[in-house]
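Please keep the sequence and the 3D structure in view while reading.

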Amino acid sequence: MSHANVAVGAHSQELSEGSPFSIPTKKLVMWLFLISDAATFAACLMAYGFLRNATPDWPKPFQFLPTVVNAMVMTFILITSSLTMLIAIRAAKAGNKSKAFNWMLITAAGGIVFAILHIREWLGMIGEGATLFHNPWGTAIFGASFFSITGLHLLHVTGGVIALIVVGLRYRGGRYNADDIEILGLYWHFVDLVWMFVVPFVYLLNVAPTH
Amino acid sequence: MNSTQDRGSLARDLIVYVAILVIAALQFVIAYQHIDGAQMFARMLALAMLEAGLGVLFFMHLWMETRGFLIFVAVFTLFVLAAMNYLWPDSFRILVGAPFSSYH
């Protein structure tokens, strides 16, 4: 190696800095994405809250059966899928590729079941006459806010399922490592956390009153 | 502590999982309590924030990152979310007139 190369190498080492907060750059980027996505969901929920608060005849159409029970099952599935994702990350960190891959597939299966239940519920509501711009229960804004918020969340779940399968396959093939599984896990847990706000505000505050 | 270090035991993950499930169940119970809307909203919001806090700290392992990163995420996120709350007075104005006014 020439003196010039040594000098350039030393100079570039001086210029390069460690990752902020001592965490991998990819992980930091995922956290920044999640913070911005949290702001997106928060904006949607606050816009919904604004509309709900400013509309005197806001409908409360959700019956215990099927909607509330369906929301219970969906919540259980999504929270459980977060646990299976944790097990997958733990297996990946321990270097057990097949176990990690299998638990990622179980997590993806949870996401698929969640999406199927969600779409089934949508179809039921559409069958009752609820659309983006009309519903039989009251103000038309109800349908727009319900379908847009739950739709945005469903889009995130669908993206997460695709990512779980793609990253899992690439991890098993040796292209990705355990850190990549952990970073994907952050996204999946975030999707779970968002649901914890969607359920009470979009579903449970709109439960039909019992007498 | 960084990503290569210990992430806690599976037992702790299970405890957090059960705690989140119980809190979620409480939200469903509150939905059928005979209380006014504002109280129900406050209880739902408190429980949702508790669930989210447990999830972020222990499922997403923020508790095990460096303290600087934890503070960065918390301050940045909470500031952005708090800043969005400017709109509430207007929604109250539409519904009942000026916020907290004596004449509705």
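Read from the N terminus, chain A has the element order α-α-α-α-α-α, that is, 6 helices and 0 strands, where helices (H or I, at least four residues) and strands (E, at least two) are DSSP runs numbered from the N terminus. This is a predicted model, in which local features need pLDDT of at least 70 and side-chain atom pairs count only at pLDDT 80 or more, while totals for chains, interfaces and linings use all residues. Residues are numbered from 1 along each chain as its sequence is written, chains are lettered from A and ligands numbered from 1 in the order in which they are written, and side-chain values use heavy atoms, with hydrogens and water left out.

**Overall dimensions of chain A**

- The radius of gyration of chain A is 22 Å, whereas a compact globule of 211 residues would have one near 17 Å (taken over C-alpha atoms, with the globule rule being 2.2 Å times the number of residues to the power 0.38).
- The C-alpha trace of chain A spans about 85 × 40 × 25 Å along its principal axes.

**Burial, contacts and surface**

- In chain A, 51% of the 211 residues count as buried, meaning under 20% relative accessible area with a 1.4 Å probe and protein chains only.
- Of the contacts in chain A between residues at least 6 apart in sequence, 76% join residues at least 24 apart, a contact being heavy atoms within 4.5 Å.

**The cavity**

- The count is 1 cavity of 30 Å³ or more, where a cavity is a set of points, on a 1 Å grid over the protein atoms alone, at which a 1.4 Å probe fits but cannot get out.
- The largest cavity holds about 40 Å³ of space, a volume being the space filled by probe spheres set on grid points that are joined across faces, edges and corners.
- Its lining (residues with an atom within 4 Å of a point) draws on both chains, with A:Lys27, A:Ile89, A:Glu182, A:Leu186, A:His189, B:Phe59, B:Met60 and B:His61.
- Helix 6 (residues 178-203) of chain A gives the most to this lining, with 3 residues.

**The second largest pocket**

- The second largest pocket has a volume of about 180 Å³, a pocket being an open set with protein on both sides within 12 Å along at least five of seven lines.
- Helix 3 (64-93) and helix 4 (97-127) of chain A each supply at least two lining residues, and helix 4 has the largest share, 4 residues.

Technical notes: Buried < 20%, exposed > 50% of the residue type's maximum accessible area, 1.4 Å probe, protein only.
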